[in-house]
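We will go stop by stop.

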Amino acid sequence: SVNLSCVFESDDGLRESTPALYVSEIEVECVTPAYAVGQVNIHVADNGDGMGDLFMSNGLTFSYAARHDVLSITPSHGSYLGGTVVTVTGYNFEFGGEALCRFGTKSVPAAFVSSDEVRCTAPLNSIGTVAVAVNNNGYDYSEASIEFEYIDIAVTRALHPSWGPTSGGTEVSV
């Protein structure tokens with residue numbers, strides 16, 4: 001059997017390899033090693049040590065970005081019916097079409113505002129508290145444990161009286 005490895009190689013020749021899992025004739029999977037911020041070339045080696053014959057060397061690159069995280073959210077609570085627009089403050093958020101916010105186990109698109117702010121609309125959920133996390137790439141979520149509380153909200157059913165003079169002063173019951 002062939003031992004496969006993914007080889008991550010920087011422009012300065014630094015080379016790290018990790019074991020690769022054969023998925024199909026056209027795909028292998030591997031876990032990235034730690035690296036400095038920047039781009040590396042990815043190759044697949046056929047002997048498992050990253051030093052043997054390389055193939056699939058057709059210009060594939062992987063970009064390492066600074067780790068992002070969440071510092072706070074505003075507001076910290078909203079209706080269990082969803083729809084609350086939540087401003088997430090943190091650092092190293094990246095502009096891209098794959099960014100998501102996760103409320104508990106439910107993910108929703110994140111709107112990029114800046115490298116330290118995104119906005120998300122809380123989805124429908126049961127009453128209770130959930131962790132909120134953000135990802136930049138559709139895969140790696142932030143690690144901080146910031147909580148959003150889903151609450152039951154009061155619903156107004158009647159207003160009496162329902163009109164009054166422009167000068168104000170009318171006492172109303174809701």
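Which side chain does a polar contact join to that of H43? Select E9: a polar contact of 3.4 Å joins the two side chains. Keep in mind that this is a predicted model.

**Stop 1: around E9**

Start from H43. This residue lies in strand 4, residues 38–45. H43 counts as buried, because its relative accessibility is 12%. Now centre on E9. At 19% relative accessibility, E9 counts as buried, because the cut-off is under 20%.

E9 forms a salt bridge with R15, and their closest N and O atoms are 3.6 Å apart. R15 has 26% relative accessibility, so this residue counts as partly exposed.

**Stop 2**

How many salt bridges does a search of the whole structure find? The search finds 3.

Select R67 and E143 next. They form a salt bridge with the closest N and O atoms 3.1 Å apart. This pair links distant parts of the chain, 76 residues apart. R67 is in the loop between strand 6 (61–64) and strand 7 (69–74). E143 is in the loop between strand 14 (128–135) and strand 15. R67 counts as partly exposed, because its relative accessibility is 40%. E143 reaches 63%, so this residue counts as exposed.

Then select E117 and R119. Their salt bridge has its closest N and O atoms 3.0 Å apart. E117 counts as buried, with 19% relative accessibility. R119 counts as partly exposed, with 39%.

**Stop 3: rings**

Show the aromatic side chains. The count comes to 5 aromatic pairs. Pick F103 and F148. Why is this pair edge-to-face? The ring centres are 5.5 Å apart and the planes meet at 85°, so the pair is edge-to-face; the cut-off for that class is over 60 degrees. Buried or exposed, F103 and F148? Both are buried.

Now select Y35, F62 and Y64. Ring pairs link these residues into a cluster.

One more ring: Y141, shown together with R102. The charged end of R102 sits over the ring of Y141, 3.8 Å from the ring centre.

**Stop 4: a surface patch**

Switch to a surface view and colour L81, L124 and I153. Together they make a nonpolar surface patch of about 280 Å². I153 is found in the segment after strand 15. With 38% relative accessibility, I153 counts as partly exposed.

**Stop 5: backbone**

Return to a backbone display. Most residues other than glycine have a negative phi, and most peptide bonds are trans. Two places here are worth a look.

Select T74 and P75. The peptide bond from T74 to P75 is cis, with omega near -5°. P75 lies in the loop between strand 7 and strand 8 (77–79).

Finish on N92. What is the phi of N92? The value is positive, about 60°, although N92 is not a glycine. N92 lies in the loop between strand 9 (85–91) and strand 10. N92 counts as partly exposed, because its relative accessibility is 29%.

Terms used. Residues numbered from 1 in each chain as written. Predicted model: local features only at pLDDT ≥ 70, side-chain atom pairs only at ≥ 80, totals over all residues. Heavy atoms only, no water. Phe/Tyr/Trp six-rings, centres within 6.5 Å; stacked < 30°, edge-to-face > 60°. Buried < 20%, exposed > 50% of the residue type's maximum accessible area, 1.4 Å probe, protein only. Lys NZ or Arg CZ within 6 Å of the ring centre and 35° of its normal. Patch = residues over 30% accessible without salt bridge, like charges linked within 9 Å, V, L, I, M, F, W, Y side chains within 5 Å. Areas by Shrake-Rupley, 256 points an atom, 1.4 Å probe, with all protein chains shown as cover. Salt bridge = Lys/Arg side-chain N within 4 Å of Asp/Glu carboxyl O. Helix = DSSP H or I, 4+ residues; strand = E, 2+ residues; numbered from the N terminus. Polar contact = N/O pair within 3.5 Å; in protein donor to acceptor, adjacent residues only side chain to side chain.
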